[in-house]
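Welcome, and please open your viewer for a short walk through this structure.

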Amino acid sequence: MSAASVLREQILSLVRQYHEAQFPVRPFAPGHDLAHYAGRVFDAEELCHLVDSSLDFFLTANRYAERFEAEFSDYLGLSDALLVNSGSSANLVAVTSLTSPKLGERRLKPGDEVLTVAAGFPTTLAPILQNSLVPVFVDVNLGDYTADPNRLADAIGPKTRAIVMAHTLGVPFDLDAVGELAKKHDLWLIEDNCDALGSRYRDRLTGTFGHLGTMSFYPAHHITMGEGGCVVTNDERLARIARSFRDWGRDCYCAGGESNTCGTRFSQQFGTLPHGFDHKYVYSHVGYNLKVTDMQAAIGCAQLQKLDTFIARRRANFDWLLNALRPYEDRLLLPRATPHSAPSWFGFAITVRDGAGFTRAELVRFLEANRIETRSLFAGNLLRHPAFTGIPHRVVGGLANTDTVMHQTFFVGVYPGLDRARLEHMASAFARFMRGERAGGL
Amino acid sequence: MAVAQKLQCAVERIVDHGEHVYTLVLRPDRPAPRFRAGQFLHLALDPYDPTGFWPESRVFSIASSPDDRSAVRVTYAVHGQFTARMESEIREGGRVWIKMPYGDFVIDSPGDVVLFAGGTGISAFTAYLEALSPPASDRSYVLGYGARTAELLIYKDVVDRSAARVPALDVTWFVETGAIPSSRIGDPTRWLPGRVSVAALWTQIRRPRESDFYISGPPAMLAAVAADLRARQVAPEAIHIDAWE
C-alpha cells in the first residue's frame with residue numbers, strides 16, 4: 001500500500017470514531033427534543049464516503065457519481081439516471097428536455113398546455129412556466145391528494161401536450177388512468193417522484209412509468225445527498241437531451257474531466273461551425289449547469305444501500321400512526337393510498353374536517369408547542385401565491401379541494417428517524433388535544 | 001445511452017487471426033452495464049486509478065451480444081501506436097480497463113437494412129446479426145462483408161449462422177487479395193474479388209429508397225461507400241457511418 005493509501009485508511013478509521021463521539025444515539029426527551037417531520041438519517045458510512053471523496057479532491061462528479069447513477073438506474077430498472085443538484089433542478093431539466101429541437105414535431109413549444117395540479121410544491125409548476133408552457137390545473141382528491149383522473153380527462157384540449165404531476169407525499173397518482181390518457185392523446189408524461197422514491201403502483205416503482213421521472217435527495221427526502229436530485233428515463237435519446245440541458249447545453253456527453261468518448265471530437269459538422277470544431281464546445285441547447293459534486297454523490301451511494309430499510313421504516317411508522325389516530329377519524333381525515341398503490345410515505349397528511357370543533361391552526365399550534373414538527377402540504381394552492389397570480393393558465397372544474405388543502409391540511413413525519421418513543425409522544429399529543437387540552441400556545 | 005461505467009477486466013482469451021488482427025475476450029470484475037448492439041467501448045492499457053483521471057484509451061466496437069454482460073468481446077487490427085501497444089502488452093490473464101457503453105451506431109431502422117462491413121468493422125454488426133431473427137414482415141437485410149483475405153473474414157461463422165437462420169439476410173463476401181475459397185467457386189455472385197462496394201450490392205437491394213445504410217470499416221471504405229450512396233441519391237439521413245478519429 002502506498003503512504004497515501006495507509007493514511008486514507010487511518011483517516012477513515014478516525015472518521016468512524018468521530019461519528020461515534022459526535023453523533024451518539026441519545027434517548028428521546030419528550031417535550032424537549034423535536035419530533036421532526038423529516039431529516040437526514042445516517043451513520044458512519046455516510047461520513048466515511050464523504051471524507052473518502054473529499055480526499056480524492058476530484059470535486060466534480062467522478063467515481064461516486066458514476067457509481068450512484070449506475071446503481072440507481074439498476075435499482076429502478078431503467079437505462080439512465082442523471083444526477084443533478086436538486087429535485088427542483090431535476091424537474092427543470094425534465095420539462096426543458098421536452099422542448100428540445102431534437103424531438104422534432106413532438107417537442108413542446110411555447111403555448112402548449114401541460115396538465116398539473118395546484119396543490120403541491122412550486123418547482124413542479126415553475127419549469128412549465130419557465131418554458132413558456134401553459135399549466136392547466138385540475139383539483140385533487142382529499143385523502144390521497146392526487147389529481148382526480150376524470151378531471152384530467154376533462155381538461156385535455158387541442159393544445160394539451162404533456163402531463164407533469166407529483167406523487168403527492170409519496171402517494172402514486174392513478175397511473176392506469178394517466179397512462180391511458182397519455183397514450184390516447186400522445187402526451188408526454190413526467191412523474192415528479194421527488195416525494196415518492198420507493199413507492200409502487202401495481203408493484204412497479206413510481207418514477208419509472210413516465211417518459212421522464214424526477215427525484216429529490218434533499219435531507220427531508222427518502223435518501224439524501226444534502227442537495228441533490230436525479231432525472232431518470234428509459235429513453236436513451238431523452239437521457240442525452242437531459243444531459244445536454246444539465247451540462248451547459250453542450251452537445252458532447254463526456255463526463256467532467258473526460259474528452260472524446262464519442263471518438264469523433266474533431267470530425268463532426270454542426271450548423272455553420274467550421275467542420276471539425278471541438279465537439280466539447282458545441283452547444284445544441286440553451287442549457288444550465290446543474291451538476292452535483294462527487295462528495296454529494298458519495299453520500300448518496302451510502303444512502304442508497306439503506307433505501308429499502310428506510311422505505312420499510314416509513315411504512316411501519318405510517319401504519320403505527322394510522323392506527324394511533326384512527327379514533328379521531330370523525331374529526332380528522334386521515335391519509336389513504338390510491339388503489340393498486342403501495343406508497344413509500346413522505347409524510348402523514350391530515351385534513352381537519354369541517355365541523356371538527358377546532359381549526360388546523362389550533363391543532364398545529366398545539367403540536368408545535370409540544371415539539372412536534374408540522375408542515376403544510378407545501379404551497380396549498382399555488383395559484384394563490386404572489387409568484388403565480390397572473391400567470392397564463394386554465395383551471396378545469398374548479399379547485400375547491402385544493403383550497404381545502406390550503407386551509408385545513410398539514411402533515412407530520414413518518415421518516416426513519418422517528419422511533420417508537422417519538423411516535424408515542426406524537427400520539428399522546430394528538431390524544432390530549434382531542435380531549436380538549438389547548439395549553440402551550442406558541 | 002445507458003449510464004457509462006468504468007470496469008476492470010481480466011483478459012480471458014486472445015484470438016490471433018493472423019496479419020495482426022486479434023479478438024480479445026474480456027471478463028469484467030462485475031457485469032458490464034446494459035448496452036445495445038453497435039455501441040462501442042474505450043479500452044485503456046495504463047492503470048486507472050478511480051480517484052483520478054481516465055488514461056489514454058481507444059474505442060472499439062463491442063462485438064459480443066448485449067444478452068451476455070459477463071464477458072465483452074472486441075476485435076482490433078494493429079494500425080497505429082496504441083494498437084501496437086495492445087499487441088505487445090495485452091496477455092491472457094492480464095488486466096485492462098474499459099469504459100462503456102458509448103455511441104449511437106445502433107441499427108434501429110424499422111425498414112430494410114443494408115450493412116457494409118470492411119475488416120474488423122464487422123464487429124459493429126456482429127451483436128446485431130447474432131440477435132437477428134426472421135422478420136414478420138416483408139423486410140430484407142443485405143450485408144456486404146469484405147476483408148483483405150478470406151482468412152480475415154473472422155466473423156464468417158457468425159454471418160453464416162445468421163444467414164442460415166434468416167433467409168431474408170442476403171450476404172455478399174468481398175476478398176481483396178488471394179483466392180476465393182474453392183468451396184465457393186460456382187457461387188460467383190456471392191463471393192466477389194476486390195473491396196466492398198455499393199455497385200456490387202446495388203442489385204441485391206430491393207428497395208434502396210426505403211432502406212437504411214450502415215457502414216463500418218476503414219476510413220477509406222467509409223468515405224467511398226458513403227460517397228457512392230450519396231451519388232445514387234440516397235438521403236443523407238439514411239446513411240449511418242461508424243466513424244472514429
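A residue is called buried when its relative accessible area is under 20%, exposed when it is over 50%, and partly exposed in between (1.4 Å probe, protein chains only). This is a predicted model, where local features need pLDDT of at least 70 and side-chain atom pairs count only at pLDDT 80 or more, while totals for chains, interfaces and linings use all residues. Residues are numbered from 1 along each chain as its sequence is written, chains are lettered from A and ligands numbered from 1 in the order in which they are written, and side-chain values use heavy atoms, leaving out hydrogens and water.

**Stop 1: a serine in chain B**

Select Ser64(B), in the loop between β4 (57–61) and β5 (72–77) of chain B. Helices (H or I, at least four residues) and strands (E, at least two) are DSSP runs, numbered from the N terminus. Is Ser64(B) buried or exposed? Its relative accessibility is 7%, so Ser64(B) counts as buried. Now show what surrounds Ser64(B): beyond its neighbours within four places in sequence, it is in contact (heavy atoms within 4.5 Å) with Phe35(B), Ala71(B), Val72(B), Arg73(B) and Ala127(B). A polar atom of the Ser64(B) side chain lies 3.0 Å from the backbone nitrogen of Arg73(B).

Staying in chain B, go to strand β6 (residues 95–102), where you will find Pro101(B). The peptide bond joining Met100(B) and Pro101(B) is cis, with omega about -5 degrees.

**Stop 2: two helices in chain A**

Two packed helices are described by the angle between their axes and the distance between the axes. Select α1 (residues 3–22) and α2 (residues 44–56) of chain A: they pack at about 145 degrees, with axes 9 Å apart. Here axes are lines fitted to C-alpha atoms, for helices over the stretch in contact, and angles run from 0 to 180 degrees between N-to-C directions. Show side chains and look for Leu12(A) and Val15(A), among the α1(A) residues that meet α2(A), and for Leu47(A) and Val51(A), among those on the α2(A) side. The residues of this contact divide into 9 nonpolar, 1 polar and 5 charged; Ala, Val, Leu, Ile, Met, Phe, Trp, Tyr, Cys and Pro count as nonpolar, Asp, Glu, Lys and Arg as charged, and the others, Gly among them, as polar.

**Stop 3: an open sheet**

Next, colour the 8 strands of the open, mixed sheet in chain A, in the order β1-β9-β8-β5-β4-β2-β3-β14. Two strands pair if DSSP finds at least two bridges between them. Which strands stand at the edges? They are β1 (80–84) and β14 (394–395) of chain A, each with a single partner strand, so one side of each has no neighbour in the sheet. Further in, β5 (residues 188–192) and β8 (residues 212–216) of chain A run parallel, joined by 3 bridges. Asp192(A) stands opposite Thr214(A) in β8(A).

**Stop 4: a covered strand**

Select β12 (residues 347–352) of chain A, where 6 of 6 residues are buried. Gly347(A), Ala349(A) and Thr351(A) point one way, and Phe348(A), Ile350(A) and Val352(A) the other way. β12(A) pairs in the antiparallel sense with β15 (residues 409–413) of chain A over 5 bridges, and the bridge partner of Ala349(A) there is Phe411(A).

**Last stop: an arginine in a loop**

Finish at Arg202(A), between β6 (200–201) and β7 (204–205) of chain A. Arg202(A) is not a glycine, yet has a positive phi of about 50 degrees.

Technical notes:
A polar contact is a pair of N or O atoms within 3.5 Å; within protein, one must be able to donate a hydrogen and the other to accept it, and residues adjacent in sequence count only if both atoms are side-chain atoms.
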